[in-house]
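Take a walk through the model below, from overall fold to single residues. Keep the viewer open as you read.

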Amino acid sequence: MLLIIAQMILVCIFLISATFKFLRKPKMVQHWNEYNYPMWFMFVIASLELIGVLGVLTAFWYQKLLIFAAVLFAILMVGAIHAHLFRAKHSPWMTANAVLMLILSITLIIFS
């Protein structure tokens, strides 16, 4: 049951994140500029997040996909933490969401 809750949290958060990137929400664009990444890369990351969401959802029927989606999310979250702390020089508090998503991803990797 805990794994299902973790999966659903990841699906919701990454679906929101991908949507904000695809829609170029002002706050997301502002952060992206602070990271000093090209704008096209935001769409690459959003696409990878959406692939991960589809992987987690598909894993309800085909369990083997879960580990791949969780690894993808973990890699994305390590990148997000790096972008916040080292590229944008944000406060460590700005990484709280990414750290939580990383922990949930690692949990899925370990227990799936």
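Contact here means heavy atoms within 4.5 Å. Under that rule, and leaving aside neighbours within four places in sequence, Ala 83 is in contact with Tyr 35, Tyr 37 and Ala 88. This is a predicted model, in which local features need pLDDT of at least 70, side-chain atom pairs count only at pLDDT 80 or more, and totals for chains, interfaces and linings use all residues. Residues are numbered from 1 along each chain as its sequence is written, and side-chain values use heavy atoms, with hydrogens and water left out.

Start with the fold. The chain has five helices and zero strands. Helices (H or I, at least four residues) and strands (E, at least two) are DSSP runs, numbered from the N terminus. The order from the N terminus is α-α-α-α-α. Along the principal axes, the C-alpha atoms fill a box of roughly 40 × 25 × 15 Å. The radius of gyration is taken over C-alpha atoms, and the globule rule is 2.2 Å times the number of residues to the power 0.38. For 112 residues, a compact globule would come out near 13 Å; the chain has 14 Å, which agrees.

Among contacts between residues at least 6 apart in sequence, 64% join residues at least 24 apart.Next comes the surface. Accessible areas come from the Shrake-Rupley method with a 1.4 Å probe; for residues, only the protein chains shown count as cover. The chain exposes about 6,700 Å², and carbon and sulfur atoms supply 77% of that area. Buried means under 20% relative accessible area, exposed over 50%, and partly exposed in between (1.4 Å probe, protein chains only). Buried residues make up 38% of the 112 residues.

Now look at helix 3, residues 39-58. The expected span of a helix is 1.5 Å times one less than its number of residues. Helix 3 has 20 residues and reaches 29 Å from its first C-alpha to its last, close to the expected 28 Å. Its buried residues are Met 39, Met 42, Ile 45, Ala 46, Glu 49, Gly 52, Val 53, Gly 55 and Val 56. An α-helix has 3.6 residues a turn, so residues three or four places apart point the same way. The buried residues of helix 3 pack against helix 1 (2-22), helix 2 (26-35) and helix 4 (65-87).

Helix 4 has 23 residues, which should span 33 Å; its end C-alpha atoms are 32 Å apart, which agrees. Its buried residues include Leu 66, Leu 72, Phe 73, Met 77, Ile 81, Ala 83 and His 84. Helix 1, helix 2, helix 3 and helix 5 are among what covers the buried residues of helix 4.

Return to Ala 83, which sits in helix 4. At 3% relative accessibility, Ala 83 counts as buried. Ala 83 and His 31 are 52 residues apart in sequence, yet 9.4 Å apart in space, C-alpha to C-alpha. His 31 belongs to helix 2. Its relative accessibility is 13%, so His 31 counts as buried. Which residues does His 31 contact, leaving aside its neighbours within four places in sequence? They are His 84, His 90 and Met 94.

Gln 7 lies in helix 1. Not counting residues up to four places away in sequence, Gln 7 touches Val 56, Ala 59, Phe 60, Leu 66 and Leu 108.

Then find the largest pocket. A pocket is defined on a 1 Å grid over the protein atoms alone, as an open set of points where a 1.4 Å probe fits, with protein on both sides within 12 Å along at least five of seven lines; lining residues have an atom within 4 Å of a point. Grid points are joined across faces, edges and corners, and a volume is the space filled by probe spheres set on the points. The largest pocket holds about 640 Å³ of space. Its lining has 26 residues, of which Ser 17, Lys 21, Glu 49, Ala 80 and His 84 lie nearest the centre. Helix 1, helix 2, helix 3, helix 4 and helix 5 (96-111) each supply at least two lining residues. Helix 4 gives the largest share, seven residues.

Finish in the loops. Most residues other than glycine have a negative phi. Asn 36 has a positive phi, near 65°. Asn 36 lies in the loop between helix 2 and helix 3. At 61% relative accessibility, Asn 36 counts as exposed. Lys 89 also has a positive phi, near 55°. Lys 89 lies in the loop between helix 4 and helix 5. Lys 89 is exposed, with a relative accessible area of 63%.
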